[in-house]
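Okay, thanks for coming, everyone. I've got one model to walk through today, so let me put it up on the screen.

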Amino acid sequence: MARGDKKTQKLKARVPRGFQDREADDLRVQTAMLARICEVFELYGFEPVETPQIEYTDALGKFLPDQDRPNEGVFSFQDDDEQWLSLRYDLTAPLARYVAQNFETLPKPYRSYRFGTVYRNEKPGPGRFRQFLQFDADTVGAPPPVADAEMCMMMADTLEAVGIPRGDYVIRVNNRKVLDGVMEAIGLSGDENAGKRLQVMRAIDKLDRVGINGVRQLLGSEGRTDESGDHMPGVGLGEPAIERLALLLSRNESSALENLHMMWGAVAGTENGAEGVQILDEIRELISAAGYNDGRVQIDPSVVRGLEYYTGPVYEAELTFETVNEKGEKARYGSVAGGGRYDGLVARFGGQQVPATGFSIGVSRLQAALTALGKVDAGKTAGPVVVTVMDRDQIPVYQRLVTELRTAGIRSELFVGNPKQFGKQMQYADRRGSPCVIIQGADERENGTVQIKDLIEGAKIAASIDSREDYQALRPAQEEVPVGEMVAKVGEILAAHGLEPGENGA
């Protein structure tokens, strides 16, 4: 076969599994939401900080990659000096590294917030991606309970700031020391029982879905079979251990004191557990003093949080309202933020114990919830005003028109494609979602005028006109104005469509 007959191999355009492209409107909504979150965090005195997306693998912690399998759970690679590097799994471990590295110069306590992309080398699924955005706030250098109580209050204020009404969310608070105390009481303390403790926590985490009887089954030997016939094996605990855990989970959403009373009974005889309940009682007092005990923040013994580095109070922000999914079924978004105290994380780098607490917001999940509530505009945002090109040799004149619009704060652009066919320019403006276009041919230029075509109004009129000829003859929603009145007229058109100058998609 001759060389010229060989077919060129075309590269297939595709997105890696578990990743996604995101478009302009989605990103604009996200940007506005992030700005509101920043305002709340700044109000509380937190400062922004940014850490790299890549860290040394060992800095991410033993709870993330297995040392024998450095790519387990994270995306890892070796650099030119054979050091293992990883894309960050979350924003907390990098913060611990940053604090340890700059400990002498940072103010203590150190209050910071950061947002950025994190990566999980895990099997993707519906709504579960390998790359997503997190937004964290942390206080490093403050022991419990004041900093923890403040985190819970800030979580509540953040949800309301982005548009979640009071009553449609709850901040649930627990203490890992309480669960550790119960584990000790039922004989599951020590490293040798780490696997079984994880099974117990997974069973407790299903309380909202399967109820207390379902959790009892999961904690026992027989396990549980759900409505679909799927069987989940049991942990294999005896009845006394199950009863003590059930006592811990006997929550009353309207009475923090009653929940604490149940906790005291569950941790009886354990020093660690008693300390945990005492700290929760102090958080309850602080929450009440600040006026957040109206249902916004609740003591809830079922909150366990999965990561092993939590050492004290843990908390979750749960959305309580129901929506209808694509199948017409009722659904809840559940947890959109969570965190807790991790007093041992910074010590990994220098041996010095540094208390720390913080939480992370699932940005995509929160944005989806706001869309379901109708708190964000899911439709297309109006695009820029397009200045068309009628004569190539007059492009400097057209550029001057664009500059006048931009100087007035109106988002606009000059058509920079091939201007040979005017219809293609109008098609481009339609695809951009432009509210109007500016047209100036030789006649308008000689008269010192421009034609302004309102594309939004024109589309409405076109729907009521039968023939293309009639539409072209009427030239609907098109007006000729002096060049000096162009900016004012465009402003009128934007205002008529609810778009103040500068807000047509900016």
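When I say helix, I mean a DSSP run of H or I with at least four residues, and helices are numbered from the N terminus. Quick housekeeping: this is a predicted model, local features need pLDDT of at least 70, side-chain atom pairs count only at pLDDT 80 or more, and totals for chains, interfaces and linings use all residues. Residues are numbered from 1 along each chain as its sequence is written, and side-chain values use heavy atoms, with hydrogens and water left out.

Back to H11, which covers residues 363-372. Val 363, Leu 366, Gln 367, Ala 369 and Leu 370 are buried there (buried is under 20% relative accessible area, exposed is over 50%, partly exposed is in between, with a 1.4 Å probe and protein chains only). Looking down the axis of H11, those buried residues fall within an arc of 160°, so they line one face of the helix; the arc is taken from the directions from the helix axis to the C-beta atoms. Ala 368, also in H11, counts as partly exposed at 32% relative accessibility. Its C-alpha is 10.0 Å from that of Val 336, 32 residues away along the chain.

Take Arg 216 and Glu 239, with the closest N and O atoms 3.7 Å apart. Arg 216 sits in H6 (residues 207-219) and Glu 239 in H7 (residues 239-248), so the pair ties together parts that are 23 residues apart in sequence. Both are partly exposed, Arg 216 at 27% and Glu 239 at 46%.

Then there's Asp 294 with Arg 296, at 3.0 Å between the closest N and O atoms. Asp 294 is partly exposed at 44%, whereas Arg 296 is buried at 7%. Those two join Glu 160 and Arg 166 in a network of salt bridges.

Note on methods
Helix = DSSP H or I, 4+ residues; strand = E, 2+ residues; numbered from the N terminus. Salt bridge = Lys/Arg side-chain N within 4 Å of Asp/Glu carboxyl O.
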